[in-house]
Amino acid sequence: MARRLRFTGTDSKNGGCPAIHEDVDTGEVVVQGRPLTDPEDLAQLQHFGPDDAAVVVPRELLVNHAPKEMGRVSKIISLEEFGQLFHHFEHSAWHLETRRGYASDRHDPAFAEFLDTGEAPMDLDSDWCANISAQTAAGKYVGRVRVVDNPPTEGQLFLLSYARCNAATGEDARNLWRATADQAHLPAEDFWIFDSRLVAVLRFDSDDEFHDVEVITEPAEVLRYCQVRDAAVHASVPYDQFAAQLGAKE
């Protein structure tokens, strides 16, 4: 079935190319312009696929006639797609953890070992640790801030102990108390930010089971999450300092 396209506008004085149209059913924008065909130019485009086409339009066309309003549409990705983000980010990946526990941790044999010994095992040979180590060795930043209740839950104590492993891969692992998180107005969400341009919100059910991942790329929303990241990092301390504070408090 053919698209239903609505003409949005053109800066051409004779009514020709370039121009912008909008799909009235999907909200997608169709940009009509002069094709970019020079192989050297095309070689500079990132993520340019074999079936893609590029057109050249004046900046004013987008400013004057591109849709300005943005309705957020939820985009859910598969766990496989989510996993690939950790292999293909370009310079940074950052995580906020706010839950009191994770079912995946409780199902992990390492959690049982922690309950027996009081210390989480190091698993630096795991696929996760091997990849993060490779990413940080390449100069990329990986970090996380974990929110901890007072008193901490078993799950939070397990992750505080496991932070030794996070740090060993090159991660910037940090913690803060929930009261401090509330003062900093951090949301009760778990999410990753990749390259300050893509947010992956992790969604869980009432039993702490990981449910799915929602991806956000709308710039204003991504900026909001980046502001949360900055506030969380500012209010937190490295995990080992936090653990020392907790030990002194006990």
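These are my notebook entries on a predicted model, looked up one spot at a time.

**Ground rules**

I number residues from 1 along each chain as its sequence is written, and my side-chain values use heavy atoms, with hydrogens and water left out. Since the model is predicted, local features need pLDDT of at least 70 and side-chain atom pairs count only at pLDDT 80 or more, while totals for chains, interfaces and linings use all residues.

**Entry 1**

I began with helix α5 (residues 109–117) and helix α7 (residues 154–168). My helices (H or I, at least four residues) and strands (E, at least two) are DSSP runs, numbered from the N terminus. How are these two packed? I got an angle of about 95 degrees, with the axes 10 Å apart. For this, axes are lines fitted to C-alpha atoms, for helices over the stretch in contact, and angles run from 0 to 180 degrees between N-to-C directions. So α5 and α7 are roughly perpendicular to each other. The labels go like this: under 35 degrees is roughly parallel, over 145 roughly antiparallel, 65 to 115 roughly perpendicular, and the rest oblique.

Next I listed who makes the contact (heavy atoms within 4.5 Å). On the α5 side I found A110, F111, F114 and L115, and on the α7 side E154, G155, L157, F158 and S161. By class, that gives six nonpolar, two polar and one charged residues. Here Ala, Val, Leu, Ile, Met, Phe, Trp, Tyr, Cys and Pro count as nonpolar, Asp, Glu, Lys and Arg as charged, and the others, Gly among them, as polar.

**Entry 1: Y162**

I stayed in helix α7 and clicked on Y162. Is Y162 buried or exposed? Y162 counts as buried, because its relative accessibility is 14%. The cut-offs are under 20% relative accessible area for buried, over 50% for exposed and partly exposed in between (1.4 Å probe, protein chains only). Leaving out residues up to four places away in sequence, Y162 touches A120, P121, D123 and C129. I checked P121 separately: Y162 and P121 are 41 residues apart in sequence, yet their C-alpha atoms are 7.2 Å apart in space.

A salt bridge here is a side-chain nitrogen of Lys or Arg within 4 Å of a carboxyl oxygen of Asp or Glu. How many are there by this rule? I got 15 salt bridges.

I looked at D149, which is buried at a relative accessible area of 10%. D149 pairs with R100, and the closest N and O atoms are 3.3 Å apart. D149 sits in the loop between β8 (141–148) and α7, and R100 in the loop between β7 (92–97) and α4 (103–106), so the pair ties together parts 49 residues apart in sequence.

R178 also forms a salt bridge with D149, the closest N and O atoms being 2.6 Å apart. This pair links distant parts of the chain, with R178 in helix α8 (residues 178–183) and D149 29 residues away in its loop. R178 is buried too, at 14% relative accessible area. Not counting residues up to four places off, R178 touches T98, R99, R100, V147, V148, D149 and Q156.

I found R203 and D212 meeting through their side chains at 2.7 Å, N to O. R203 counts as partly exposed, at 32% relative accessibility, whereas D212 counts as buried, at 12%. I also noted a network of salt bridges that links E97, R144, R146 and E171.

Most residues other than glycine have a negative phi, and most peptide bonds are trans. I looked for exceptions. The peptide bond from N150 to P151 is cis, with omega near 5 degrees, and P151 is in the loop between β8 and α7. D195 has a positive phi, near 55 degrees, without being a glycine. D195 counts as buried, at 8% relative accessibility.

**Entry 2: S196**

S196 isn't a glycine either, and I got a positive phi of about 55 degrees. Where is S196? I found S196 in the loop between β10 (190–194) and β11 (198–204). S196 is partly exposed, at a relative accessible area of 33%. Beyond neighbours within four places in sequence, S196 is in contact with H91, S92, V222, C226 and R229. With R229 there is a side-chain polar contact of 3.1 Å. A polar contact is a pair of N or O atoms within 3.5 Å; within protein, one must be able to donate a hydrogen and the other to accept it, and residues adjacent in sequence count only if both atoms are side-chain atoms.
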